[in-house]
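Subject: Structure handover

Hello,

The structure is below, with notes on what was found in it. Please read the notes with the coordinates open.

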Amino acid sequence: MNERRKFGEVLTGLTGLTLTLLLSFCLVIGLIFILSRTPLRTIYFFFVGAFTNRYYLGNMLNVAVPLVFTGLGISIAFKASVFNLGGEGQIYAGGLAATAVCLAMPAANGFLGGLSALAGAAVLSGAIAGVSGFFRMKWNTDEMISSFLLSSAVVLAANYFITGPLGDPKNNLLATLAVGPQYGLARIFPPSKLNISAFFAMAAALMVFFFMYKSRAGYEMRMCGLNREFSRYGGINVSKYLVLPMIMSGALHGLGGGLMVLGTYGATIEGYSFGMGWNGIAVALIAKNNPLGLIPAAFLFAYLDAGAKAAMLNSDVTFEIAAIAQSFIFYFVTAQALYGFARKRRRA
Amino acid sequence: MPYLEMKGITKLYPNHLRANDGIDFSLEKNEIHAIVGENGAGKTTLMKILYGLEQLDAGSIMLSGKNVTIHGPLDANRLGIGMVHQHFKLIPEFSVAENVVLGIEPRKNVLFMDRNAAVQRISEVIASHGFNIDPRARVLTLTVGQMQQVEIVKMLYRNVDLLILDEPTSVLTEQEIHKLFETLRSLQKDGKTCIIITHKLQEVMEISDRVTVMRKGKVIAVRRTAEVDKAELARLMVGRSVLFQIERAKNACGSAVLELVNVTLKQRGRDRALLDAVNLTVRSCEIVGVAGVSGNGLGELEDVVAGLRRITSGRILHNGEDIAGLAPATLRERGLAYVPADRLRRGASLQSTVTENMIVTSHHRFLRAGFLKGGKIKQFAERLTKSFSIDGGPRVPVGTLSGGNIQKVILARELATASNLVIVAEPTWGLDVASSQFVYEKILEMRKAGAGILFISSNLDELLGIADAIAVMYRGRVVAFLSNVKGLSKERIGEYMLGLRDDFAPPRTQKKDEPA
């Protein structure tokens, strides 16, 4: 029992993370040796490919942007000890909301219109997540389950709008009509798709950091997350902090989705954010819910993604290699984080 | 040769508390043995060690003359030891039979549970002990007494020879207690051995063959029940008076700060009220002590006055205004300070820093546009850590501090802001003499400054030392309100605490405990 506890503590430390990453990389290399006829070439592109030209590098950074947002969303909820498993639906809905706002105002000013589009994204996704928080407050419904179930429904509803009322019949992709060109975010690293949303992501991480550690609401939220009984005793309105973190979490997911639409795709494509919500959880776990740690954690995930794409284009493996590598990391890191979480619950 | 012999059992808890301190405990085959003692005497810890829920730090256990090590309940069950916990460990949605066989289900075809076999065997156990439960009924439909029977059946199904019952009567009605005692006697007839932990002396006299008295982690006495009376047991439990070094200046009491008028607290599913028409007044410059054994309403009193639990009826007045139902934050604005008994969960957030703990009740005073003023907060925390000489400084997590220092953090926070009503509950529990002295001094300072203080404690020595008056609670009622003058003895308070005396007994209303 004692040894097991100590072992867990070591694992949860940074050594644990390094170990986890090394182990996953080894497994990926092993897989490449099995699956590729030119393993060394594949390994080269997998690990170095993302840095070989501006296009790959920029796109890699661009993939990291929404992950920072979803990671922030997950972290903010985690810090309050509420759990948002509905990221998939919320990021998807955010993109759709942004698209809908833009389509409704085809001739608006790009800046103001873009702002309203992002506001729409944040409001819709915040509301979706907020529902789960509200149920938790009102009837003690497990927000983990309700947010997940709601998100699954939201994805289907969004698909209806993408292919139905907002659909673009002329496009071969299952996608909405394209938003007006004035809404496109400025590209900053051509020829890649990297755009100014990268700065938004960094600003968001900073803002969430200051919110959590310097603001009153952030302090109260963290106290509720660490010890709800203590917070109630101290006069903090604990039910408020079952709902507010969910709303903020949803809003951050929505912003991530909205920025992807405005910055990268110019429309909502069916399934465009598939997996982003789950990856957000992994990113948050790697960063140990530290808002500033999310930036490197998101890079790591994007790097694996880009490496796999580069390896696929230049060698003979498929993109699934990246998915497998990511899931290795995801599983190991989740197991490690859940171990700590389980201990926390047992003590509480 | 005794059936069970525990020798030199010592158990240390993290904050250097000796929960069990070199305990020798022995058990004859086929006896019913009662263990009595105040809260924190170490009774439950000793039994948890025997049942494998806690690991001993020193000592040995011999069962039927053989040395045994017990790593967990499964080991204990294998050795024929079973325990019925104070809080039942049942799954409400499962049937009685499913709960009983949980973990050792009879199988058929390797994979499937043999429900019929389970029900049949359980029915036999139930019938042979005269229980009144249907093995197919879902546990959530049972009464508390029946749930306890399920727990006992669970142990009998596992063929235990030694049954430990931890405060089995605390949740039962009189009738259910009688039924339980019949069961224990029938088990004794079957050759089983029972240990029963209790606070209630009447029950000790009624059911046990022998009794072990514990106090502060030590065994004080072992007696044949036939050879002691309740008064002697009470004296052994609370111990001889220790003179406390508390300078308590005479003080003129002011106006009433806190008044409880017929405060009643009921819980769904329990016939007995947790607080039963409690009347109590605390004046300014006055310390009113509240004594009682756990489970008699002390914790509930703390909760309702602090606004953490809604009362069912009655009124709670603060400076003449009704405060029942107000939020904790509002109460604090009105001048409430509160040092809770549960300091590790309610009083402190162990993973947060000392600073974060110190500002939980006052952080709204350090605001600029929704953001906390870091500099001011730092000064505030540094000032408090210095004036309360808290080790480690303001930036360490509270969980890394010792028990005494954690209590100092809580006191520092609660006493930092001017307050006129102070609730302190078990403030020196687990603290050493020096820290306790420090706590008393701080509380007396508050009294001098004019606050009314409600001092809830199960430590009679400290109540006699510090309180101006002492209210005693028994079964949710105030049974005595005693002015703390020379000549008030622990023995006398002990008799009220254990229900032997009652100044405010309603004329023959005992009947209301009976179910309709």
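Two residues are in contact here if their C-beta atoms, placed from the backbone, lie within 7 Å. Among contacts in chain A between residues at least 6 apart in sequence, 76% join residues at least 24 apart.

On conventions: this is a predicted model, in which local features need pLDDT of at least 70 and side-chain atom pairs count only at pLDDT 80 or more, while totals for chains, interfaces and linings use all residues. Residues are numbered from 1 along each chain as its sequence is written, and chains are lettered from A and ligands numbered from 1 in the order in which they are written.

Chain A

Chain A has 14 helices and zero strands; helices (H or I, at least four residues) and strands (E, at least two) are DSSP runs, numbered from the N terminus. Of its 348 residues, 55% count as buried, that is, with 20 or more other C-beta atoms within 10 Å of their own; 12 or fewer makes a residue exposed, and anything in between partly exposed, with C-beta atoms placed from the backbone.

In the first, the axes of helix 4 (residues 54-79) and helix 13 (residues 294-314) of chain A come within 7 Å and cross at roughly 135°. Axes are lines fitted to C-alpha atoms, for helices over the stretch in contact, and angles run from 0 to 180 degrees between N-to-C directions. Helix 4 and helix 13 of chain A are therefore oblique to each other; angles under 35 degrees count as roughly parallel, over 145 as roughly antiparallel, 65 to 115 as roughly perpendicular and the rest as oblique. Residues of helix 4 of chain A in this contact include Tyr56(A), Leu67(A) and Ser75(A), and those of helix 13 of chain A include Leu294(A), Phe301(A) and Ala310(A). By class, the contact of helix 4 with helix 13 of chain A has 18 nonpolar, three polar and one charged residues. Ala, Val, Leu, Ile, Met, Phe, Trp, Tyr, Cys and Pro count as nonpolar, Asp, Glu, Lys and Arg as charged, and the others, Gly among them, as polar.

In the second pair, helix 5 (residues 87-104) and helix 12 (residues 276-286) of chain A pack at an angle of about 120°, with their axes 7 Å apart. That makes helix 5 of chain A oblique to helix 12 of chain A. Here Gly87(A), Glu88(A), Gln90(A) and Ile91(A) in helix 5 meet Met276(A), Gly277(A), Trp278(A), Gly280(A) and Ile281(A) in helix 12. The class count for this contact is four nonpolar, four polar and one charged residues.

Chain B and the interface

Contact between the chains involves 20 residues of chain B and 14 residues of chain A. On the side of chain B that touches chain A, the largest share, three residues, comes from helix 10 of chain B. That side has nine nonpolar, seven polar and four charged residues.

Eight of the eight residues of helix 1 (residues 43-50) of chain B are buried, so this helix is largely enclosed by the rest of the structure. Gly52(B), with a positive phi near 85°, follows helix 1 of chain B.

His364(B) lies in the loop between helix 12 (354-358) and strand 19 (367-368) of chain B. With 15 C-beta neighbours inside 10 Å, His364(B) counts as partly exposed. The C-alpha atoms of His364(B) and Ser402(B) are separated by 28 Å.

Regards
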